[in-house]
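This report sets out the arrangement of helices and strands and the ion pairs of one protein model. Please consult the sequence and the structure shown here while reading.

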Amino acid sequence: MIGPLVLDRLVVEASSRSRAETGYTIHAGHKKDWLDHDLPLPLFTELLRDVAAVSVIRFQGWGDPLANPDILPMLAMAKRAKARVELVTDAARFTDDHANALVRDRVDQVLFLLAGISEEANFRRRGTSLFSVLDAVNRLRTIRAVHQSSLPEIAARYTLTRSGFAAECDQLPEFLARAGFEAASVRLLSYATGPVAEDDTLVPTTEVVYARVRGRLQRLIDESRERGIRLDGRLVNGGQTRFHCPDIPGSALFVAADATVSPCPFRNVPVSPPASYRFHGQERRFPHDVRGSLHTTPLTAIWNDPEYQEFRFKHDTDTPPEGCVGCWRSFLTAV
């Protein structure tokens, strides 16, 4: 008899539906081949029954979780599982009903995907809207104030590009504070999904360049802290040979909107045929790695499959399995 799982992180793609059209996203180059799915609520319910304990449940994937009509019951069920619950959204579908439910159910964090910090940047990053995010933040802050609640924490996710790096590092702390964010996650654009975006990637290839970029990110973190904002900054060290996956596939998994189970989101991109990206001057494929489907197989049986166990063992021993060799995320380092 196989017992329920104990996980550090469960990443749930409630919906793969996306509106992003910017060249920085994979959806922009694969809209005709994109597979739109919403994870059914009954399958999510069964999924939670197979998990005895999980530290973090994060609703994130290749689409917007709010596109799933059952996202609010899912969030409430995740909180009842006594996990830290995080929601990542571009805010295009955010309503007062969402704001009220997030505060009522004490979701731990809502992380908004910023589409720039200026009107010009907002225009360049099409398919997402800075103004929608700012409106959603105001709605959420108002509802929190009415209920005298500190949850959910309001956070931002921002991608720095080569062309905007210096100016945006200078402007971000004041922008985040003025907009009402309490935390932020900042990354450099490290991989490209098309030729246009490749010129805007920033992957330090020498220790000198890496140290300079890292130093500027550290100042960004310090300047944000002075304004009361907790900022997490990470960048790729392209000049170092290493393998350590930040997605902890030894104790985490990804459930896609079509109910398939994979070790991480990057091994289950909802496109057909398989998609590719460019990293460090090389073309690489997003590996298609589906370990099973909740439509036909319980999560516990998928997790305990011998081949999946061997895959996780390799990660636990920092040995790159097939498809993970050269993945850009293994080069990520924290500032």
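The sections below treat the sheet, the helix packing and the salt bridges in turn.

The model is predicted: local features need pLDDT of at least 70, side-chain atom pairs count only at pLDDT 80 or more, and totals for chains, interfaces and linings use all residues. Residues are numbered from 1 along each chain as its sequence is written, and side-chain values use heavy atoms, with hydrogens and water left out.

## Sheet

Helices (H or I, at least four residues) and strands (E, at least two) are DSSP runs, numbered from the N terminus. An open sheet with mixed pairing contains 11 strands in the order β12-β9-β8-β1-β2-β3-β4-β5-β6-β7-β13; two strands pair if DSSP finds at least two bridges between them. At its edges stand β12 (292-293) and β13 (332-334), each of which pairs on one side only. Strands β6 (residues 183-188) and β7 (residues 230-236) run parallel and are joined by 5 bridges. Opposite R234 in β7 stands R187.

Helix α6 (residues 130-146) lies across β4 (109-113) and β5 (153-160), at about 160° to β4. Helix α7 (residues 165-179) lies across β5, β6 and β7 and runs at about 170° to β5. Axes are lines fitted to C-alpha atoms, for helices over the stretch in contact, and angles run from 0 to 180 degrees between N-to-C directions.

## Helix packing

The axes of helix α2 (residues 41-49) and helix α3 (residues 71-80) come within 10 Å and cross at roughly 10°. The two helices are therefore roughly parallel to each other, a term for angles under 35 degrees. Their contact (heavy atoms within 4.5 Å) involves L41, F44, T45 and L48 of α2 and P73, M74, M77 and A78 of α3. By class, this contact has 7 nonpolar, 1 polar and no charged residues. Here Ala, Val, Leu, Ile, Met, Phe, Trp, Tyr, Cys and Pro count as nonpolar, Asp, Glu, Lys and Arg as charged, and the others, Gly among them, as polar.

Helix α3 and helix α4 (residues 96-104) likewise have axes that come within 10 Å and cross at roughly 10°, which makes α3 roughly parallel to α4. In this contact, I71, L72 and L75 of α3 meet D97, H98, A101 and L102 of α4. The contact of α3 with α4 has 5 nonpolar, 1 polar and 1 charged residues.

## Salt bridges

The structure holds 21 salt bridges, each defined as a side-chain nitrogen of Lys or Arg within 4 Å of a carboxyl oxygen of Asp or Glu. The table lists some of them.

| Pair | N to O distance |
|---|---|
| E182 and R144 | 2.5 Å |
| R216 and E223 | 3.9 Å |
| D247 and R329 | 2.8 Å |

Buried means under 20% relative accessible area, exposed over 50%, and partly exposed in between (1.4 Å probe, protein chains only). E182 is partly exposed at 24% relative accessibility, whereas R144 is buried at 9%. R216 is buried with a relative accessible area of 9%, and E223 is partly exposed with 26%. D247 counts as buried at 12%, and R329 counts as buried at 15%.

Salt bridges that share partners also join R58, R84 and E86 into one network.

Note on methods:
Parallel < 35°, antiparallel > 145°, perpendicular 65-115°, else oblique.
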